[in-house]
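Visitor: I am new to this structure. Please show it to me, and then I will ask about its parts.

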Amino acid sequence: MQITKRNVELRVDDSLMRVYVAAPSSPGVYPGIIFYSDIYQLGGAMIRLANYLAGYGYVVAAPEIFHRTEPVGLVIEPDDIGRMRGNDNAIRTAIAHYDADRRAVIEFLKAESSVSPGKMGTLGFCIGGHLAFRAAFESEIKAAACCYPTGIPSGKLGKGVADTINRVSEIKGEMLIVFGSLDPHIPEADRQTLIKALENAGIPHQVFLYEAEHTFMRDDGYRYDSAATTSAWSEIIAFFERMFAV
């Protein structure tokens, strides 16, 4: 379906947080999705992913995750310098600030007339996958899709050590995790730690492992894998459709 695109302004702790919103253009009510980018923020590759999901009938809200350390609208180039800049932004952002931003986007979606009450999920990539995982701690989040989420077993997310792996039992909804078997940032040991934590907590989950590298769903990089991306999207779309069918 066709979509509309806009930017909204949210204020969190006196910091301006731009949120990119893509939504179906046809009048109606749709599930809301918090969309988390990787460390490069909302460049073309991430916007295309957000738009793609919106076209399946979702109100997708994508916040700039580094609004406290970067100017509004700043897109970090996905190169060596950009990687250093993005990682520096990440470690200078307090974990509590990521959590506050999450609440702000949830409240925004709850107030939107086009969002179905009680139907909210999240999708994220890389650091955004970790943020989407943490979003699942919120009672409003019924479904979380985390694509190659980094730093969950180690607690690497922002300033300090994130307690994510120790809070898995707080998850109320269902989880879908996408991994790449060739991803050096999430080795087999970390994948198993995460899966075991979900199993031990009795959290309903699906895990999909592709013979692909980190960030394989970014269509502007050398690690892009179109076949794996298409397959991953088919699972993500089916997951959200099932979770929000009623």
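Visitor: In which sense do strand β2 and strand β4 pair?
Guide: This is a predicted model, in which local features need pLDDT of at least 70 and side-chain atom pairs count only at pLDDT 80 or more, while totals for chains, interfaces and linings use all residues. Residues are numbered from 1 along each chain as its sequence is written, and side-chain values use heavy atoms, with hydrogens and water left out. Strands are DSSP runs of E with at least two residues, helices are runs of H or I with at least four, both numbered from the N terminus, and two strands pair if DSSP finds at least two bridges between them. Strand β2 (residues 15-24) and strand β4 (residues 59-63) share 4 bridges, and their sense is antiparallel.

Visitor: What is the order of the strands in the open sheet?
Guide: The sheet has 8 strands with mixed pairing, in the order β1-β2-β4-β3-β5-β6-β7-β8. Its edge strands, each pairing on one side only, are β1 (3-12) and β8 (205-210). Neighbouring strands are turned against each other, direction ignored, by an average angle (between lines fitted to C-alpha atoms, on a scale from 0 to 180 degrees between N-to-C directions) of 20 degrees. The order asked for is β1-β2-β4-β3-β5-β6-β7-β8.

Visitor: Why is β3 largely enclosed by the rest of the structure?
Guide: Buried means under 20% relative accessible area, exposed over 50%, and partly exposed in between, with a 1.4 Å probe and protein chains only. β3 is largely enclosed because its buried residues number 7 of 7.

Visitor: Through which helix does the chain cross from β3 to β4?
Guide: This β-α-β crossover is right-handed: with the strands pointing away from the viewer, the path from the first strand over the helix to the second runs clockwise. The helix on that path is α1 (residues 44-54).

Visitor: Which helix makes a β-α-β unit with β5 and β6?
Guide: Strand β5 (residues 115-125) has 8 of its 11 residues buried. β5 and strand β6 (residues 143-147) are parallel over 5 bridges, with Gly124 opposite Cys146. The unit is right-handed, and its helix is α4 (residues 127-135).

Visitor: Which helix gives the most to the lining of the largest pocket?
Guide: On a 1 Å grid over the protein atoms alone, a pocket is an open set of points with protein on both sides within 12 Å along at least five of seven lines, a cavity is a set where a 1.4 Å probe fits but cannot get out, and lining residues have an atom within 4 Å of a point. The largest pocket has 27 lining residues, with Ile39, Arg83, Cys126, His185 and His214 nearest its centre. With 5 residues, the helix that gives the most is α2 (residues 80-91).

Visitor: Which helix supplies the largest share of the lining of the largest cavity?
Guide: Among the residues lining this cavity are Met17, Tyr36 and Leu131. The largest share, 4 residues, comes from helix α3 (residues 95-111).
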